[in-house]
Amino acid sequence: MHFLDHPPAFMFFTGKGGVGKTSLACAHAILLADQGRRVLLVSTDPASNVGQVFNVTIGNHVTAIPAVPGLSALEIDPQAAAQLYRDKIVGPVRGVLPEAEVKSIEEQLSGACTTEIAAFDEFTALLTDPQILGNYDHIVFDTAPTGHTIRLLQLPGAWDEFLQDGKGNASCLGPLAGLEKQRDRYHAAVAALADPARTRLVLVARAQGATLREAARTHNELSAIGLTQQYLVINGVLPDSERAVDPLAAAIVARERSALTAMPAPLKTLPQDLIPLMPFNLVGVDALRQLLRADAAGVVATTPPVTAMKTPALSSLIDDMEANGHGLIMLMGKGGVGKTTLAAAIAVALAERGHAVHLTTSDPAAHLEDTLSESLALLTVSRIDPLAESDRYRQEVMNTKGKKLDAAGRALLEEDLRSPCTEEIAVFQAFSRAIREAGRKFVVMDTAPTGHTLLLLDATGAYHREIARQMADKQLHFTTPMMQLQDPHQTKVLIVTLAETTPVLEAAGLQSDLRRAGIEPWAWIINNSLSAANPQSSLLRQRALNERTHITAVATQHAHRYALVPLLEADPVGIVRLEQLTRPGA
């Protein structure tokens with residue numbers, strides 16, 4: 001395979017959520033270790049599941065993988081990194097400054113901006129620390145879903161320019177306080193990322209239009225910041241041999257061929273590999289070792305017919321959703337599980353039942369317009385675009401606070417508003433507007449992949465704590481966005497997953513995180529189920545049988561209520577096909 005040839009020191013696997021980055025990164029790390037190399041596998045994903053894949057608790061420290069000599073792993077835990085970063089900044093002033101000022105600094109450092117800066121700080125050390133580089137022949141990065149990864153890889157250049165121009169005294173002073181001393185390290189990190197002899201980027205996609213378009217955008221954005229050594233891997237392709245006896249398999253093969261034929265032009269210039277769909281789940285060392293074998297597809301044993309499971313349909317959940325006539329419906333989960341499609345399907349169903357619906361997304365990689373492909377009465381569509389929201393916020397501040405300033409003051413304010421924390425504030429404001437709107441209509445929100453969403457909720461929680469602190473002595477009634485998210489009468493959180501090991505484990509982890517924030521998930525949706533689709537091909541039947549354990553676990557251990565949505569022969573794009581997902585019995 002092209003992407004395996006002569007691997008450099010740093011290997012990055014990146015792409016849209018759910019395309020198999022973690023599996024490929026883990027399989028490649030195992031392959032290198034089996035060849036006698038010293039390998040460090042690193043996840044920079046806020047919702048990392050590398051530990052689940054190896055069935056080893058890893059966390060924010062280098063951990064040996066017992067089943068693979070020569071392989072160690074590290075999960076950059078954004079929350080743990082942020083706490084260490086806060087302690088480094090707050091520790092020296094604790095006991096020196098008044099307690100009120102220390103509390104104020106801690107609150108400044110409680111948001112998502114601090115979390116991202118802290119994770120970035122650890123990330124750059126892996127590219128530049130002589131001791132780390134001396135201990136390993138290769139460092140393999142399982143990066144976060146595309147939007148987060150692009151931002152992470154852009155940060156070395158962005159922060160360096162920010163510091164070089166003396167902008168570190170902006171409103172981000174708290175989070176940025178530890179960065180000035182690291183200037184040389186950031187220069188070295190930029191050089192390592194841009195050096196094709198040291199760094200290779202593997203763009204991972206599925207044979208699907210949306211993930212290929214996302215890979216093309218990633219290719220262009222990475223190339224623009226000097227990361228040009230790129231390879232393309234199309235993962236999970238259904239073998240042609242499966243289509244002969246199964247209309248569903250034939251439809252999938254035709255759909256995948258069509259997507260590959262229509263692949264965006266920039267991707268066609270890259271070295272390209274196709275990885276076949278496996279009949280087994282990619283969890284555990286033995287399964288991962290098979291993934292990159294030349295005969296990886298193997299021979300699937302004859303599998304008996306799979307009887308359809310009797311499970312609740314999505315339509316039954318929608319019946320309950322519409323009872324109040326309005327409210328916020330948030331779909332959360334791992335990237336690639338189909339949140340965008342299901343959000344669109346639920347919004348269409350509610351609009352067709354006569355309700356005013358606003359369908360929106362906080363996912364930078366979402367494609368709502370492509371999924372709907374047409375308009376519908378009572379349904380409006382929007383996107384929380386971080387760049388657009390930041391521009392709007394800057395303009396608002398300049399028109400208000402900046403109105404009374406002189407030229408020098410306005411110049412300083414403009415500089416302050418170019419700080420990276422501005423985007424966090426702007427996106428939070430847009431998120432809050434959507435929550436308020438749900439008081440009079442249905443707002444269906446397709447959220448970003450899990451880690452991103454939790455960072456957004458972190459900002460929401462920080463705002464709630466600050467408002468509560470300010471109002472404590474005034475005995476005033478107040479309602480914050482976090483309080484609305486915690487109210488089941490106003491907000492219904494739907495956790496979307498697939499009937500596979502890692503997505504279910506990650507969904508359960510997300511549910512635990514939400515509960516710690518006082519948010520109780522309302523229901524789970526198991527999407528793209530083969531068990532509900534009655535496949536005929538041996539490979540798909542085997543995968544359908546593999547699903548049964550996970551569906552049972554959701555139904556009996558995790559969810560108060562749930563629904564199973566079948567994999568359809570045709571892509572659920574457009575109003576008519578989206579309706580198929582929410583029909584009774586679907």
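How many salt bridges does a search of the whole structure find? The search finds 14. Keep in mind as you explore that this is a predicted model. Let's visit some of those salt bridges, then move on to strands, a helix and a few rings.

**Stop 1: salt bridges**

Select Arg255 and Asp571. They form a salt bridge, and their closest N and O atoms are 3.5 Å apart. Arg255 belongs to helix α11 (residues 247-261), while Asp571 sits in the loop between β15 (562-566) and α24 (575-581), so this pair ties together parts that are 316 residues apart in sequence. Colour by accessibility if your viewer can do that: Arg255 is partly exposed, with a relative accessible area of 22%, and Asp571 is partly exposed too, at 37%.

Next, pick Glu389 and Arg433. Their side chains meet in a salt bridge, at 2.9 Å from N to O. Glu389 is in helix α17 (residues 386-400) and Arg433 is in helix α19 (residues 421-437), so the bridge ties together parts that are 44 residues apart in sequence. Are these two residues buried or exposed? Glu389 counts as buried, at 7% relative accessibility, whereas Arg433 is partly exposed, at 30%.

Now select Glu437 and Lys441. This salt bridge has an N to O distance of 3.4 Å, and both of its residues are buried.

**Stop 2: helix α15**

Then click on Gly354, which follows α15 and has a positive phi, near 95°.

**Stop 3**

Select residues 491-497, which make up strand β13. Seven of the seven residues are buried, so the strand is largely enclosed by the rest of the structure. In a regular strand, side chains alternate between the two faces of the sheet.

Which strands pair with β13? One is β9 (residues 327-332), which runs parallel to β13 and is joined to it by five bridges. Look for Met332, which stands opposite Ile495. Another is β14 (residues 523-529), paired with β13 in the parallel sense over four bridges. Here Val496 has Ile525 as its bridge partner.

Together, β13, α22 and β14 make a right-handed β-α-β unit.

Lys492 lies over the face of Trp522, at 5.5 Å from the ring centre.

**Stop 4: aromatic pairs**

The structure holds two aromatic pairs. Start with Phe3 and Phe13, an edge-to-face pair at 6.1 Å centre to centre, with 90° between the planes. Phe3 lies in the segment before β1 (10-14) and Phe13 lies in strand β1, so the pair ties together parts that are ten residues apart in sequence. Both residues are buried.

Finish with Phe12 and Phe141. Their ring centres are 4.4 Å apart and their planes are at 5°, so this pair is stacked. The pair links distant parts of the chain, with Phe12 in strand β1 and Phe141 in strand β5 (residues 138-142), 129 residues apart. Phe12 and Phe141 are both buried.

How values were computed:
Residues numbered from 1 in each chain as written. Predicted model: local features only at pLDDT ≥ 70, side-chain atom pairs only at ≥ 80, totals over all residues. Heavy atoms only, no water. Salt bridge = Lys/Arg side-chain N within 4 Å of Asp/Glu carboxyl O. Helix = DSSP H or I, 4+ residues; strand = E, 2+ residues; numbered from the N terminus. Buried < 20%, exposed > 50% of the residue type's maximum accessible area, 1.4 Å probe, protein only. Pairing = 2+ DSSP bridges. Right-handed = clockwise from strand over helix to strand, strands pointing away. Phe/Tyr/Trp six-rings, centres within 6.5 Å; stacked < 30°, edge-to-face > 60°. Lys NZ or Arg CZ within 6 Å of the ring centre and 35° of its normal.
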